[in-house]
Amino acid sequence: MPDIESLLKEKRVFKPDPAFTKNANWNKKTVAEYRKLGAKNPERFWAKMAKEHLTWFTPWKKTLQWKPPFAKWFVGGKLNVSYNCLDRHLEGEGAWRKNKAAIIWEGEPGDTRVITYAELHREVCKFANVLKGQGVKKGDRVVLYMPMVPELAIAMLACTRIGAPHSIVFGGFSADALRDRIDDVGAKIVITADGGYRKGAPFPLKKAVDDALANHEVVDRVVVVRRTGQDVSMVEGRDQWWHELMADASPKCAPAKLDAEHPLFILYTSGSTGKPKGILHTTGGYLTQVVTTTKAIFDLKDSDVYWCTADIGWITGHSYVIYGPLACGATTLMYEGVPVHPGPDRWWSLIAKWGVTVFYTAPTAIRTFIRLGDEHPKKHDLSSLRLLGSVGEPINPEAWIWYHKIIGGKKCPIVDTWWQTETGGVMITPLPGAVDTKPGSATLPFPGIDAEVYTEEGDPTKPPGGGLLVVRKPWPGMLRGIWGDPQRFKEQYWSQYKDTYFAGDGAHRDKQGYFWIMGRIDDVMNISGHRIGTMEVESALVSHSSVAEAAVVGRPDDITGTAIVAFVSPTGGTDAGDELKQTLRAHVSKEIGAIARPAEIRFTDALPKTRSGKIMRRLLRDIASGKESKGDTSTLEDFSVLAKLRESDET
Ligand code: WTA
């Protein structure tokens, strides 16, 4: 995480290029007008957006019903997400898009598929019929555990077509993590693939599904996409091949007319307890925010080739690989593999090959590419690019400037977008034709979003100054709850301040009121832009019989932003060797997934605790990052623990 002091020394300002502003979907005048309306009457602003950017079967009666912390947007309105992403681009004024590429897909081995809107519509209708044929009804949850292949997009849209909420589990999660999510969401059916390609080799997925479903009572259907051709075992009566089911499916399926508040998807994310929470998003409000932000922030035009590099297993992939761009009728690029296969220039070769115009990625990737050397992007013609975006973690000014110069050729505006799984869509961001940017700042809230910085006591701060990031008024894409746990929803987000959303991030505002996001202030780490709870890793560690106690903290890392450091007291004493460290790393991978594997494990006899038994994480963070602890240790139970911890060797 960038040090806020160094961020705030950043004085460079980049003004929008007048030529860009002239053609921007939202120019200065539009933005000024929307800011005014959004501040005065956010409901009216969002209602205007919902009407302008979406097609509704039935208009809503009430824009917002707000019984804190429960919001309903566009009450009484009916619509369908797949209709808005597909059908309306095939009829009436949109009909010319029929043969426009909806998805340009490239697999890691270099195989490609270009899917037009008409074709995507056909495939989605067919798979919607397959789902129905498997007994999936409106409201039933469908778990998708897939690689980045077009079938994932097809399956998502098919779910929305029939009103079956999907829950996508990132393919990097382990069988155990998958099973937890399947159980929590109460899925009936799992859609998966034999595997996918990563780093030049096939990786398995079906095997994890088999392990997750061993002796499972509820899930009795699995549909398997053949992607790699690797051997998989098919369970008789439960497992079926995607291509076999699709062969007989009808390409006609009317979109269900769904209530604006019908559940659209549940996506699990880490919180400050051991158990991931299922963030619930619904239909009308989510799509309104996602389509509006896509159009305004990425300035999408019909001539654009847009590429968001996120995996669809994360919220960024949901909102800005699939729903936002397709609702805009845009061409969205999907790439299956890792950025550096077969060489460190794969991404840049993709931009040149497909003529990508708008590119959205994460700071951790940018930092990796800086390290790999400028010669790789310089080998390719990146002149098609006209707009760049960043998401997932604070972008340090050095990375921002490199992105601007080396990738953007100094001519592309950069939109640094702050948002969360919970917010559904972007909340704080530059608007590229209207807002001056400063490297490292997400600038200002989107129109209609009432973001503020509070003191701990709950008073708004006056810029310049820092505090806790909150949102004071409901917004259409906001989470509607935590699946099956309204109490946790209230406690997690709404208990700090009355009727105000608590984001869990620290933020600073400069004199001009620009937001500088400082990162999580809770026990959630941001590893390469992905959220991992310290408690999640701790519970994985203590579930191993050789671990008596464990405490997990993040330390700054040049590439991944944060790296995981685990302090472990082994049951057999601290003499346990490297072998146990390796075993524990592998154990965490098995319990959660490789992204949660600690970068470093340190053995210790005891953990520093307060007299009331709370682990002193601040101290551990200082030790992990090699800083001397300046903080107050007067309540520390045993000072000798500290000294020993500092000595504990690193791996
Ligand atoms: C962090 C990802 C600084 C933040 C969309 C937030 C950011 C968490 C930015 C949400 C940004 C996201 N600048 N920090 N532009 N964007 N974050 O749920 O800490 O995976 O709370 O959503 O990422 O992560 P999530």
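Which residue lies over the face of Phe173? It is Arg181, at 4.3 Å from the ring centre, where a charge counts as sitting over a ring if NZ of Lys or CZ of Arg is within 6 Å of the ring centre and within 35 degrees of the ring normal.

The structure is a predicted model, in which local features need pLDDT of at least 70 and side-chain atom pairs count only at pLDDT 80 or more, while totals for chains, interfaces and linings use all residues. Residues are numbered from 1 along each chain as its sequence is written, and side-chain values use heavy atoms, with hydrogens and water left out.

Rings of Phe, Tyr and Trp (its six-membered ring) pair if their centres lie within 6.5 Å, with planes under 30 degrees apart counted as stacked, over 60 as edge-to-face and the rest as tilted. Through such ring pairs, Trp66, Phe70, Trp475, Phe489, Tyr493, Trp494 and Tyr501 are linked into a cluster.

The next part concerns strands and helices, which are DSSP runs numbered from the N terminus (helices H or I, at least four residues; strands E, at least two). Seven strands form an open sheet with mixed pairing, in the order β5-β4-β17-β16-β18-β19-β20, and two strands are taken to pair if DSSP finds at least two bridges between them. At the edges of this sheet stand β5 (112–116) and β20 (414–417), each of which pairs on one side only. Neighbouring strands are turned by 20 degrees against each other on average, direction ignored. Within the sheet, β16 (residues 305–308) and β18 (residues 358–361) run parallel and are joined by three bridges, and Trp307 has Phe359 in β18 as its bridge partner.

Helix α7 (residues 150–162) lies across β4 (101–106), β5 and β17, and runs at about 30 degrees to β5. Helix α13 lies across β4, β5, β16, β17 and β18, running at about 145 degrees to β4.

Another open sheet has three strands in the order β28-β29-β30, again with mixed pairing. Its edge strands are β28 (547–557) and β30 (600–603), each pairing on one side only, and its twist averages 25 degrees from one strand to the next. Strand β28 pairs with β29 (residues 561–570) in the antiparallel sense over ten bridges, and Gly554 stands opposite Ile564 in β29.

Helix α18 lies across β28 and β29, at about 145 degrees to β28, whereas α19 lies across β28, β29 and β30, at about 130 degrees to β30. These helices also pack against each other: α18 (residues 534–542) and α19 (residues 578–591) meet at an angle of about 115 degrees, with their axes 9 Å apart. The contact is made by Val537, Ala540 and Leu541 of α18 together with Leu584, His587, Val588 and Glu591 of α19. These residues divide into five nonpolar, one polar and one charged, where Ala, Val, Leu, Ile, Met, Phe, Trp, Tyr, Cys and Pro count as nonpolar, Asp, Glu, Lys and Arg as charged, and the others, Gly among them, as polar.

A hairpin is formed by β9 and β10 with two residues between them, and Lys199 in the turn has a positive phi of about 50 degrees. The pairing of β9 (residues 195–198) with β10 (residues 201–204) is antiparallel and extends over four bridges, with Ala201 in β10 as the bridge partner of Arg198.

Backbone details in the loops complete the picture. Asn215, in the loop between α9 (206–212) and β11 (221–225), has a phi near 60 degrees, a positive value in a residue other than glycine. A cis peptide bond, with omega about 0 degrees, joins Pro68 and Pro69, and Pro69 lies in the loop between β1 (62–67) and β2 (70–75). A cis peptide bond also joins His341 and Pro342, where omega is about 0 degrees; Pro342 is located in the loop between β17 (331–335) and α13 (346–354).

Terms used: Axes are lines fitted to C-alpha atoms, for helices over the stretch in contact, and angles run from 0 to 180 degrees between N-to-C directions. Contact means heavy atoms within 4.5 Å.
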